[in-house]
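Please keep the sequence and the coordinates at hand while reading.

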Amino acid sequence: MADGGEADPLLLSSRASPALEDVGPGAAVAAMLLNVGLLVLLCLVAYKLYVRWWERPSARGAARDAQAASLPKMKRRDFTLEQLREYDGAAANNSRILMAVNGKVFDVTKGSKFYGPEGPYGIFAGRDASRGLATFCLDKDALRDEYDDLSDLNAVQMESVREWEMQIKEKYDYVGRLLKPGEEPSEYTDEEDTKDHTKQD
Ligand code: HEM
């Protein structure tokens, strides 16, 4: 044969899977449309999965928010660490969520999408969140199980705790103080207390 018997292996392989310019403009357009179609399909599947994933927690969240809205405002009172732990929003009979920051207890129930069991900051529910907020850490180890006097935190971290306290105070109801070990709770004489005492008289 005139063009020789030995075929160039590279040439062979390029013929085995023809390049787009070899198959004509019609086939190239078809291939491009196929790619675009596949991409659209992929986006659709991803979107459907995202919507399905997002809807479930938001339905749960809506139920929780409705429950939170129906709770009466909490009477002012102080809490020991143990008493605070009862308000982590996880118990079926108690959806109220309290969180302490810098020695003050706030009712964060209306923020249950943050502090509820599935929320990103659920670790702070029913706890003294100060150390976690000061160190910007959400690990379990960021919080202490016993009373935390925060005495080892540096000035910047303490300033951060105070800033968080201001932010939380802006949004949520203050309920009372977090008691140090052995400290007695205060007797509050707010409007509700006064009404109750009047009833007893
Ligand atoms: C990359 C990491 C983080 C991102 C992207 C992020 C994002 C956000 C956003 C967007 C909000 C505002 C939500 C809203 O008001 O609708 C928020 C609030 C908040 N974040 Fe984060 N955050 C991060 C890490 C952290 C960490 C490490 C902590 C604590 C240690 C933290 C504690 C909080 C708290 C306490 C709130 C206030 C929630 C409330 O309004 O009650 N965040 N975060």
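By class, the residues lining the largest cavity comprise eight charged, five nonpolar and one polar. The model is a predicted one, and a search of the whole structure finds one cavity of 30 Å³ or more. The space in this largest cavity comes to about 90 Å³.

Its lining consists of 14 residues, and those closest to the centre are Leu-81, Asp-128, Arg-144, Glu-146 and Asp-148. The elements that contribute two or more residues to this lining are helix H4 (81-85) and H6.

## The largest pocket

The largest pocket has a volume of about 330 Å³, and 15 residues line it. Nearest to the centre of this pocket lie Tyr-115, Tyr-121, Leu-133, Trp-164 and Gln-167. Two or more lining residues come from each of H5, H6 and helix H7 (155-171), and the largest share, four residues, is supplied by H7.

In terms of class, twelve nonpolar residues, two polar residues and one charged residue make up the lining of the largest pocket. For the lining of the largest cavity, the corresponding figures are five nonpolar, one polar and eight charged.

## The ligand and its shell

The largest pocket is the space that the ligand takes up. The elements that give two or more residues to the shell around the ligand are H5, H6 and H7. By class, the shell divides into ten nonpolar residues, one polar residue and one charged residue.

The residues around the ligand are Phe-114, Tyr-115, Tyr-121, Phe-124, Gly-132, Leu-133, Phe-136, Cys-137, Leu-138, Trp-164, Lys-171 and Tyr-172. Among them, Tyr-115, Tyr-121, Leu-133 and Trp-164 are also listed with the residues that lie nearest the centre of the largest pocket.

## The iron atom and the polar contacts

Which residue is the only protein donor of the iron atom of the ligand? That donor is Tyr-121, whose OH atom is at 1.9 Å from the iron. Tyr-121 is placed in the loop between helix H5 (112-115) and helix H6 (130-134), and this residue also belongs to those around the ligand.

## Backbone angles in two loops

Asn-102 has a phi near 55°, a positive value in a residue other than glycine, and Asn-102 lies in the loop between strand E1 (98-101) and strand E2 (104-107).

Leu-150, although not a glycine, has a positive phi of about 60°. The loop that holds Leu-150 runs between H6 and H7, and both of these helices give two or more residues to the lining of the largest pocket.

Key
Residues numbered from 1 in each chain as written. Predicted model: local features only at pLDDT ≥ 70, side-chain atom pairs only at ≥ 80, totals over all residues. Heavy atoms only, no water. Donors = N, O, S within 2.8 Å, 3.2 Å for Na, K, Ca; no water. 1 Å grid on protein atoms, 1.4 Å probe; cavity = no way out; pocket = protein on both sides within 12 Å on 5 of 7 lines; lining within 4 Å. Points joined across faces, edges and corners; volume = space filled by probe spheres on them. Nonpolar A, V, L, I, M, F, W, Y, C, P; charged D, E, K, R; others polar. Near = heavy atom within 4 Å. Sits in = over half its atoms within 2 Å of the grid points.
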